[in-house]
Amino acid sequence: AEVEYPELVAWSDSVAGLLDLDSHEFERPDFPLKFSGASPLTGAVPYAQCYGGHQFGTWAGQLGDGRAITLGEILNSKSERWELQLKGAGKTPYSRFADGLAVLRSSIREFLCSEAMHFLGIPTTRALCLVTTGKLVTRDMFYDGNPKEEPGAIVCRVAESFLRFGSFQIHASKGEEDLGIVSTLADYAIRHHFPHIENISKSETLSFSTGDNGQSVVDLTSNKYAAWVVEIAERTASLVARWQGVGFTHGVLNTDNMSILGLTIDYGPFGFLDAFDPSYTPNTTDLPGRRYCFANQPDICSWNITQFASTLMAAHLISDKEASYAVERYGIKFMDEYQAIITQKLGLQKYNKQLVNKLLNNLAVDKVDYTNFFRSLSNIKADPGIPEGELLVPLKAVLLDIGKERKEAWASWVQSYIQEVQYVPGHECVLTNDYVHLVASGISDEERKASMDLVNPKYVLRNYLCQSAIDAAEIGDFGEVRRLLKVMERPYDEQPGMEKYARLPPAWAYRPGVCMLSCSS
């Protein structure tokens, strides 16, 4: 699409490093032209992917990609493959009835959240840069018949691959004549992104019993596609466990928004939990049934894995038994990872189901801020001699407006918590498989606080922070977008002077279009 004086809004030095791109390149006067699509990159052979998907549980046929254009792939100095994609640069052959454009509002959200999630340690697509197009785009933000003109913008997204579950589903849906494409695409994905599966040998003994009785056996060494779908299931489970750990709600978990690499992909009406509410959905379209609410995400992604496995079955790549095993592995992997994450967030030595369930209930009853609670929890001393009236002092900033009965409920929980984390001298914490495990009988208060603060962020990309940056950017001030990016690059650090970015949402943040959004962008 045509642009008019495109301007660079923000960029990621971190992503530039992945691409071996010198940060001085952002200063080039023609940089906005190249990353708005107005001036082609040397060697680029642009194309758009076709995919379909299930929307809100119903097969919707071909959905996109209607506004994402891949420029090409880069092999960096480490032989890593990175795909560059412009989102909002104009129509593609798959745009259906849309214009292929994006607005500044949604583009800022996608740019910032792509990077914020990475620095939280959550697998995600990345964002190299964000440019305005100088053109206006008409959008009906609330689907209420009141469209308005907004500034246009384009994000350059970066990932090893943007292949989705729906990239395979669309071809299986067309019947026998396109099933060969599913196989060809699967072979491509395995060769380039799962090469270890290509090289599986019988000697690796990847045979597993399935079901409760263990009578059925799946041998992953005899079918690379079975090994592949199991790995996708496990990567997805690990991803969702991490979402639940930081209180992230995707908002639109259709099968076309599921990455085969286990990445968070497509940032639309997402939201981080403020007041803890398991039924929270940031998507106004999802409100009637709350299918994609925070608490449902693990089950929805299991359902999505089932649909993906069914696609591979339709293409005669895996058996029914192998498909069922992939879904089974998803469930096991999710519970293992989620319990490990919650255990680490609480600074415990081992998972305590009763303690966790009581905590989640208390958080929901009193609508406690999810992020700030876990950050404050590390200030509790493991001293059983603390007077009952002082138990809640470290949590006074997060336990707001609660009465006598609720204070007693919280004090009871804190007492149980202290019993779990009491310090016994002479023991230490060890790091294994990216998780801090507190070994033997316990660790000191100082050590526990340090380890908890490594996994409980002080800063997350709350929707009202995005909106403040959007409001400024829409009148030409991009400074807040850049400042917010810098804060989100260090979410686990205290960052003195930046405390305002950890505050609870102000009253205005609960208006439509801030705390909840539609898919319109």
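This is a predicted model: local features need pLDDT of at least 70, side-chain atom pairs count only at pLDDT 80 or more; totals for chains, interfaces and linings use all residues.
The crossing of helix 3 and helix 15 is right-handed.

**Helix 3 and helix 15**

Helix 3 covers residues 104-120 and helix 15 covers residues 479-488; their axes come within 9 Å and cross at roughly 15°. Angles under 35 degrees count as roughly parallel, so helix 3 is roughly parallel to helix 15. From helix 3, the residues I108, F111, L112, E115, A116 and F119 take part in the contact, and from helix 15 the partners are V481, L484, L485 and M488. By type, this contact has nine nonpolar residues, no polar ones and one charged.

**Helix 8 and helix 9**

A second pair is formed by helix 8, residues 297-314, and helix 9, residues 320-346. The axes of helix 8 and helix 9 come within 9 Å and cross at roughly 160°. Because angles over 145 degrees count as roughly antiparallel, helix 8 is roughly antiparallel to helix 9. Helix 8 passes helix 9 in a right-handed crossing. On the helix 8 side the contact is made by Q297, P298, C301, S302, I305, T306, A309 and M313, and on the helix 9 side by D320, A323, V327, Y330 and F334. The residues of this contact divide into nine nonpolar, three polar and one charged.

The two pairs are set out below.

| Helix pair | Axes come within | Crossing angle |
|---|---|---|
| helix 3 and helix 15 | 9 Å | roughly 15° |
| helix 8 and helix 9 | 9 Å | roughly 160° |

**Cavities**

The largest cavity holds about 70 Å³. Its lining consists of T236, L239, W243, H250, L253, N257, M258, S259, G262, L263, T264 and I265. Among the lining residues of the largest cavity, six are nonpolar, six are polar and none is charged.

**Backbone details in two loops**

Two points in the backbone deserve a note. The peptide bond joining G64 and D65 is cis, with omega of about 10°. D65 sits in the loop between strand 3 (58-64) and strand 4 (68-75). The other point is S79, which is not a glycine but has a positive phi of about 65°. S79 lies in the loop that runs between strand 4 and strand 5 (81-87).

How values were computed: Residues are numbered from 1 along each chain as its sequence is written. Side-chain values use heavy atoms; hydrogens and water are left out. Axes are lines fitted to C-alpha atoms, for helices over the stretch in contact, and angles run from 0 to 180 degrees between N-to-C directions. Helices (H or I, at least four residues) and strands (E, at least two) are DSSP runs, numbered from the N terminus. Angles under 35 degrees count as roughly parallel, over 145 as roughly antiparallel, 65 to 115 as roughly perpendicular and the rest as oblique. A crossing is left-handed if the near helix is turned anticlockwise from the far one by less than a right angle, and right-handed if clockwise. Contact means heavy atoms within 4.5 Å. Ala, Val, Leu, Ile, Met, Phe, Trp, Tyr, Cys and Pro count as nonpolar, Asp, Glu, Lys and Arg as charged, and the others, Gly among them, as polar. On a 1 Å grid over the protein atoms alone, a cavity is a set of points where a 1.4 Å probe fits but cannot get out, and a pocket is an open set with protein on both sides within 12 Å along at least five of seven lines; lining residues have an atom within 4 Å of a point. Grid points are joined across faces, edges and corners, and a volume is the space filled by probe spheres set on the points.
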